[in-house]
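The sequence and the structure are shown below.

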Amino acid sequence: MTQRRSASTETSTPTEPSSPTLAGAPDITNHYTIFPQTLPAGPPPGSTFAISTSDLRREFLQLQGLVHPDKYPNGAEKQLAEALSARINEAYRTLLDPLQRAQYILREWHGIDVTAEDASTKHALDAETLMEVMEVQETIEEVGASADAEAQINALKKDNERRVGECVERLGEAFEKGVLEAARKECIRLRFWYSVGEGLREWEPGNTEIRLMHSS
């Protein structure tokens, strides 16, 4: 007599579909890990604050070429490519600019947010720099209607570019030495000098004031 084999009563667990991945996608742990060729040591003090903008742009273009959404058909992979492309863009724009880079390092690694809503009280500008900013504003009021106003504004622009450069240099030294309080203060100063620079760029003949607006 042939014994019949009983059917198994065990229910197999269906295999869940794996999340889509893209070949060559970067490590998006933070902005620095996205660019391992340009920034292999991460943020300061593990590396210098200054970065090679040409190397950063080269790696940025390479990454965008790898994950460009147009390379993928509609579906999960395309959605992932769109998200990665946006993430790479955000990291690139942040790291490219010294002020944005400094604010990012302070916020993400040290919990110091100089752009927060209460920043005007928690991270106020030092008195000496505030006086310099006020002097620039007063100078603009004085030259706004004069015949050589444009030449004087151009001179103020050059002075401000010098201040920005010096501030970025001190900021880098503070980060590289791990002196966070100095880095915080220089970052606040840089925010104001950026704002002055933006106001000077928007100046038009006849204007007697500039509006200070801070980068977020």
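Helix α7 contains both E186 and R189, which are 3 residues apart, or about one turn of the helix. Their side chains meet in a salt bridge, with an N to O distance of 2.7 Å. Both E186 and R189 are buried. The model discussed here is a predicted one.

## Further salt bridges

Side chains of opposite charge can pair when their charged atoms come close. The structure holds 9 salt bridges, including one between R184 and E181, at 2.6 Å from N to O. Because R184 and E181 are 3 residues apart in helix α7 (residues 180-201), about one helical turn separates them. R184 has a relative accessibility of 14% and therefore counts as buried. E181, at 41% relative accessibility, counts as partly exposed.

Another salt bridge joins R163 and E132, whose closest N and O atoms are 3.6 Å apart. This pair links distant parts of the chain, since R163 belongs to helix α6 (residues 149-177) and E132 to helix α5, 31 residues apart.

## Overall architecture

The protein chain has 7 helices and 0 strands. From the N terminus on, its elements follow the order α-α-α-α-α-α-α. Of the 216 residues in the protein chain, 37% are buried. Among contacts between residues at least 6 apart in sequence, 67% join residues at least 24 apart.

The accessible surface of the protein chain amounts to about 13,400 Å². Carbon and sulfur atoms account for 49% of this surface.

Helix α1 comprises 15 residues (53-67). From its first C-alpha to its last, helix α1 reaches 21 Å, close to the 21 Å expected at 1.5 Å a residue.

Which residues of α1 are buried? They are L56, E59, F60, L63, Q64 and V67. Viewed down the axis of α1, these buried residues fall within an arc of 140°, so they line one face of the helix. The cover over the buried residues of α1 includes α2 (76-96).

N30 is located in the segment before α1. Its relative accessibility is 15%; because the cut-off for a buried residue is under 20%, N30 counts as buried. When neighbours within four places in sequence are left aside, the contacts of N30 are with R87, Y104 and W109.

## A nonpolar surface patch

L130, M131 and M134 form a nonpolar patch on the surface. Together these residues have about 260 Å² of accessible area. One of them, M131, is found in helix α5 (residues 127-143). M131 has a relative accessibility of 46% and so counts as partly exposed. Helix α5 also holds E132, the partner of R163 in the salt bridge described above.

Technical notes: Residues are numbered from 1 along each chain as its sequence is written. This is a predicted model: local features need pLDDT of at least 70, side-chain atom pairs count only at pLDDT 80 or more; totals for chains, interfaces and linings use all residues. Side-chain values use heavy atoms; hydrogens and water are left out. Helices (H or I, at least four residues) and strands (E, at least two) are DSSP runs, numbered from the N terminus. The expected span of a helix is 1.5 Å times one less than its number of residues. Buried means under 20% relative accessible area, exposed over 50%, partly exposed in between (1.4 Å probe, protein chains only). The arc is that of the directions from the helix axis to the C-beta atoms. Contact means heavy atoms within 4.5 Å. Patches are made of residues with over 30% relative accessible area and no salt bridge: like charges are joined within 9 Å, nonpolar side chains (Val, Leu, Ile, Met, Phe, Trp, Tyr) within 5 Å. Accessible areas come from the Shrake-Rupley method with a 1.4 Å probe; for residues, only the protein chains shown count as cover. A salt bridge is a side-chain nitrogen of Lys or Arg within 4 Å of a carboxyl oxygen of Asp or Glu.
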